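The sequence and structure come first.

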Amino acid sequence: MHCQKCEKKASIHLQQHRMALCKEHFLEWLLNQTENSIKKFHLFTKGERILVAVSGGKDSLSLWDILWQLGYCVDGIYIDLGIDARIGYSQKSRLLAEQFASERKLKLKVVDVKAAYSENIPEMTERTQRGQSKPCSVCGLVKRYIMNKSALEEGYAVLATAHNLDDEAAILLMNTLNWSMDLIRRQLPLLPERPGFVRKVKPFYRTYEREAAAYALLSGIRYIYEECPYSKGSTQLYHKRILNQIEDRQPSVKLDFYLGYLRANENRMFALKADDKENIHEYYCANCGQLTNRGDLCSFCNLTSGQKL
Amino acid sequence: MTIKIKIRDREYQIEGEVQLTKALKHLNIPNQSVLAIRNGILLTEDEPLHSEDQIELIEVISGG
């Protein structure tokens with residue numbers, strides 16, 4: 001198979017785009033595609049300060065590299081979750097994120113959960129029994145809180161996460177199977193800023209996970225290849241595997257699924273009725289001031305103040 | 001005279017010459033879920049695999 005642009009031997013075949021590309025043209029193509037995705041939904045501009053959430057994995061490091069290559073003003077935040085699971089998971093991923101930043105002279109803020117809140121994620125999970133020994137729900141809550149807080153306190157205009165198309169398609173599948181309309185409504189590449197809530201964006205919303213991995217490999221980015229030990233057997237991974245089996249038979253099905261959702265959303269297919277809007281209440285946490293859908297303390301402040309959730 | 005295909009800590013062996021796409025199908029691994037590397041070079045799925053090739057499959061899906 002040869003590169004569609006230069007006839008050199010291709011490094012990757014993108015079935016969903018009916019296109020094969022050599023290393024150089026693939027790297028250039030993904031940069032352009034990301035720039036187009038940013039512009040299409042007006043995610044951010046060159047003049048704005050962006051904070052990218054970095055896990056040490058292929059997606060977040062590739063996204064950070066691409067935004068940097070495109071000339072955006074982008075710093076990183078790494079949250080040390082204190083997950084060891086006998087493989088030093090957090091230690092390894094933190095080191096890779098730090099090395100990435102240092103090699104490119106980029107600014108990386110590290111938040112150590114245990115140092116900041118006296119317990120790491122497995123300890124919080126064990127104490128609260130939230131998630132029945134699986135820390136994913138505690139982990140998601142803590143990460144969302146810290147990312148939002150850090151972005152607001154340090155004056156970033158926008159928080160970027162590396163959710164890719166496979167993430168979005170798998171989440172959309174799960175939310176559709178459950179008909180979780182409130183979640184479906186919010187599964188957009190941009191969630192606008194509100195008081196207490198920084199603008200959140202997903203510039204990789206149309207980037208296949210395979211493309212992000214190929215970008216990391218072809219550009220020599222070292223990332224943590226080990227899976228988070230707690231993600232084994234997760235429903236999201238199960239849905240991703242099923243979607244990939246369908247994609248092999250029906251190329252571009254994941255892209256069509258998510259882009260179809262975005263079009264439906266633009267056509268207000270999921271819009272709230274006036275009556276529903278009146279039933280939505282938002283509060284500000286009495287302790288930290290962040291937005292919450294419950295009175296008094298938000299879930300994070302409840303978690304860290306010793307409450308069982 | 002076998003092709004060795006490694007994915008994480010698992011290793012498979014396939015006899016004879018075969019295209020990468022057929023090897024993946026044989027192992028029931030969706031092409032979308034992996035990237036294949038031979039001698040440090042990324043392979044497209046039409047690539048013929050030869051006896052004594054050592055292929056590493058990099059899993060690309062992650063998340064919790």
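In this predicted model, strand 3 of chain A pairs with strand 4 (residues 73-80) of chain A in the parallel sense, over 6 bridges. Within this pairing, Ile50(A) stands opposite Val74(A) of strand 4 of chain A.

| Partner of strand 3 of chain A | Sense | Bridges |
|---|---|---|
| Strand 4 (residues 73-80) of chain A | parallel | 6 bridges |

Strand 3 of chain A, residues 49-54, is mostly covered, with 5 of its 6 residues buried.

The domain assignment divides chain A into domain 1 (44-271) and domain 2 (274-309). Taken over C-alpha atoms, the centres of domain 1 and domain 2 of chain A are 23 Å apart. Contacts between them involve 14 residues of domain 1 of chain A and 10 residues of domain 2 of chain A. On the side of domain 1 of chain A that touches domain 2 of chain A, helix 5 (121-128) and helix 6 (136-153) of chain A are the elements that give two or more residues. Helix 6 of chain A supplies the largest share of that side, 6 residues. By residue class, this side of domain 1 of chain A holds 7 nonpolar, 4 polar and 3 charged residues.

Technical notes: Residues are numbered from 1 along each chain as its sequence is written. Chains are lettered from A and ligands numbered from 1 in the order in which they are written. This is a predicted model: local features need pLDDT of at least 70, side-chain atom pairs count only at pLDDT 80 or more; totals for chains, interfaces and linings use all residues. A residue is buried if 20 or more other C-beta atoms lie within 10 Å of its own, exposed if 12 or fewer, and partly exposed in between; C-beta atoms are placed from the backbone. Helices (H or I, at least four residues) and strands (E, at least two) are DSSP runs, numbered from the N terminus. Two strands pair if DSSP finds at least two bridges between them. Domain bounds come from an automatic or database domain assignment. Two residues are in contact if their C-beta atoms, placed from the backbone, lie within 7 Å. Ala, Val, Leu, Ile, Met, Phe, Trp, Tyr, Cys and Pro count as nonpolar, Asp, Glu, Lys and Arg as charged, and the others, Gly among them, as polar.
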